[in-house]
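Trainee: I am new to this structure and would like to learn how to read it with care. Could we look at it together?

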Amino acid sequence: MTTAAPLATAPELVPAKPSAAQIAKKKLSSPWASLAAIVIAVLWTIPTFGLLVSSFRPERAIKRTGWWTFFSDPTVTLDNYKAVFGQDGGVNLADFFVNSLIICIPSVLIPLALASLAAYAFAWIDFKGKNLLFLAIFALQIVPLQVTLLPLLEIFVKIHLTGTFWTLWLAHSTFALPLAIYLLHNFMREIPAGLIEAARVDGAGHVSIFFKVMLPLLTPALAAFGIFQFLWVWNDLLVALVFAGGGNDVAPITLQLANLSGTRGTAWQLLSSGAFVSIIVPVTVFLLLQRYFVRGLLAGSVKG
Amino acid sequence: MFHTASTTPEKLLQMLAALLLFAAVLGVILFIAGRIGGRSGDKYVAYLYLLPVVLLLAVGLVYPGLRTIYESFFDAAGKAFIGFDNYKTIFTDSDQLIVLRNTVFWVVFTPFVATGVGLVYAILVDKSRFESVAKALIFLPMAISFVAAAVIWKFMYEYRPDQANVKQIGLINQIIVWLGGKPVQLLIESPLNSFLLIAVMIWIQSGFAMTVLSAAIKAIPDDIIEAARLDGVNAWSMFRKITLPSVRPTVVVVLTTIGIGTLKVFDIVRTMTGGQFKTSVVANEFYSQTFRADNQGLGAALAVLLFILVIPIVVYNIRQVRQSEAR
């Protein structure tokens with residue numbers, strides 16, 4: 001993590017010496033390299049762009065002509081967006097949007113808080129069975145969610161939590177813990193031991209060390225994992241389907257979009273605008289906090 | 001507090017209550033931990049800090065996991081013990097064999113193509129003037145949900161019958177028509193449809209591969225590059241002899257990470273075809289069997305199979321990471 005983290009952010013700032021890749025590229029005669037890059041970039045952007053353009057076209061136009069004809073016959077309307085938010089369309093995206101937010105906030109905060117406490121214990125306190133327990137939690141990362149869903153649903157039925165946000169909050173929080181503990185633990189180990197020792201000598205206990213020494217240093221790691229978890233929960237479909245599939249009261253926006261695609265698969269005026277409403281939050285979060293997100297990604301994969 | 005909230009104020013109130021409850025629990029833990037003094041009390045602080053996590057993991061992950069393994073040996077209703085019959089079904093039933101075949105397609109093609117595209121693109125845009133914009137374009141699909149990505153691509157694959165006054169609205173079919181072909185029902189033709197779904201996953205994962213590999217490329221020490229340059233090494237050998245060996249450990253980690261993600265992919269298949277037209281994969285079949293076809297036993301066996309398939313990839317991944325850290 002130490003080496004990976006700065007790497008993710010530095011390159012934009014430092015116009016350093018030529019890299020291997022750059023030389024390779026130069027010698028590949030630049031025009032071809034640029035062309036190849038542009039082709040990939042265009043290929044990767046066109047699908048989203050096409051749907052975005054469609055979401056602003058009138059329903060008749062979407063269903064009769066391709067979105068590329070928009071440029072010879074530009075008619076723009078906001079009707080599609082009104083339709084997905086309005087009551088008559090039966091889509092009511094606003095409600096599901098609120099649900100998504102309500103699911104996300106506790107599902108990010110709870111595992112972050114619990115995991116930082118646990119990571120602190122693993123990183124800075126000696127106790128019996130520490131290594132074994134840490135290894136066990138690390139190993140839990142590989143358990144696919146699928147293996148847990150049905151028994152967990154049965155537990156929720158037994159304690160009468162089905163159809164409430166609690167199922168999603170608890171499930172998402174639990175599933176996030178192994179990775180969160182592992183990443184935060186790694187990050188905490190990087191903090192010099194002298195800092196903690198000094199605080200202890202001054203008579204600080206583990207609670208005040210956690211809040212006064214650890215937490216301020218931990219902010220970038222918490223931000224990275226927080227964004228990661230937020231995107232994961234916001235974009236999740238499987239957990240929502242299993243625990244909130246029955247009722248619309250707690251279903252997130254992804255679930256409504258998936259249902260819409262299943263039941264009204266040709267209603268492109270609703271699907272296009274609906275898709276963009278669901279995308280807007282994660283894309284904004286991503287663009288604003290890209291730095292932290294990339295750092296989290298590198299910590300989780302390169303050094304994971 | 002534990003009922004179903006149905007209006008927005010009610011929902012917000014419930015969320016607030018939940019957060020307060022959680023804060024209270026944390027407060028109690030920290031209060032007790034604060035009262036434990038001295039180094040001899042250290043381990044009690046640790047147990048206290050770990051208590052909620054261990055409880056949640058035990059109830060929410062370990063127990064359900066073991067329970068699913070147990071249930072995979074029972075019949076559809078979860079009543080009668082049938083030994084390995086569910087597993088036998090997975091490997092003999094003709095529908096299930098197609099599911100396995102598709103899963104192999106997914107796991108072989110997605111990681112390699114996505115990593116290839118990511119690597120090439122990372123090299124092409126490295127230190128160019130538009131690097132950050134160029135990267136953001138490829139990376140953006142990572143922020144989008146699989147469901148929205150599936151909707152985006154379903155629109156690309158849209159089919160309109162081949163009639164005189166009917167125009168194509170899906171770009172792929174329009175291109176086929178422009179090239180003089182007849183429009184194809186892209187999501188219905190098997191096995192073509194599976195590959196078209198795989199393309200969506202590649203579209204999403206290439207950005208991940210690109211970002212991680214780009215960081216690795218930038219980490220190659222300058223002196224190595226400088227030396228090679230002075231030797232007059234050409235572009236292809238520079239790539240083959242320096243870039244590739246330097247980023248090899250990262251390439252393996254990226255491949256395996258995407259491989260694991262691909263094994264569990266479910267949203268794309270469900271949203272685009274619902275697993276029909278011979279496009280189902282293990283993760284989707286698990287959902288259909290468990291929650292649609294009410295075949296608990298087979299569903300559990302498919303979940304366990306997923307688990308078993310993930311293990312070797314993860315072990316390999318961890319070993320590679322260890323090696324690259326040791327260097």
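Predicted model: local features only at pLDDT ≥ 70, side-chain atom pairs only at ≥ 80, totals over all residues.

Mentor: Residues are numbered from 1 along each chain as its sequence is written, and chains are lettered from A and ligands numbered from 1 in the order in which they are written.

Trainee: What is the mean pLDDT of chain A?

Mentor: pLDDT is the predictor's confidence in each residue, from 0 to 100. For chain A the mean is 86, with 88% of its residues at 70 or more, although over residues 1-15 of chain A the value stays under 50.

Trainee: How many residues of chain B are in contact with chain A?

Mentor: Two residues are in contact if their C-beta atoms, placed from the backbone, lie within 7 Å. By that rule, 107 residues of chain B meet 102 residues of chain A. On the chain B side, the largest share, 18 residues, comes from helix α2 (residues 42-71), where helices are DSSP runs (H or I, at least four residues) numbered from the N terminus.

Trainee: Which residues of helix α5 of chain B are buried?

Mentor: A residue is buried if 20 or more other C-beta atoms lie within 10 Å of its own, exposed if 12 or fewer, and partly exposed in between. In α5 (residues 131-139) of chain B, the buried ones are Ala134(B), Lys135(B), Ile138(B) and Phe139(B). Seen down the axis of α5(B), they fall within an arc of 130° (taken over the directions from the helix axis to the C-beta atoms), so they line one face of the helix.

Trainee: Which residues touch the most other members of the largest nonpolar core?

Mentor: A nonpolar core is a set of buried Ala, Val, Leu, Ile, Met, Phe, Trp, Tyr and Cys residues joined through C-beta atoms within 7 Å. The largest has 180 residues, and Ala118(A), Ala149(B) and Leu213(B) touch the most other members. Helix α6 (residues 93-124) of chain A gives the most to this core, with 18 residues.

Trainee: Where is Pro191(B) found, and which peptide bond there is cis?

Mentor: Pro191(B) belongs to the loop between α7 (171-178) and α8 of chain B, and the bond from Ser190(B) to Pro191(B) is cis, with omega near 0°.

Trainee: Why does Asn92(A) count as partly exposed?

Mentor: Asn92(A) counts as partly exposed because it has 15 C-beta neighbours inside 10 Å. Its phi is near 50°, a positive value in a residue other than glycine.

Key: Helix = DSSP H or I, 4+ residues; strand = E, 2+ residues; numbered from the N terminus.
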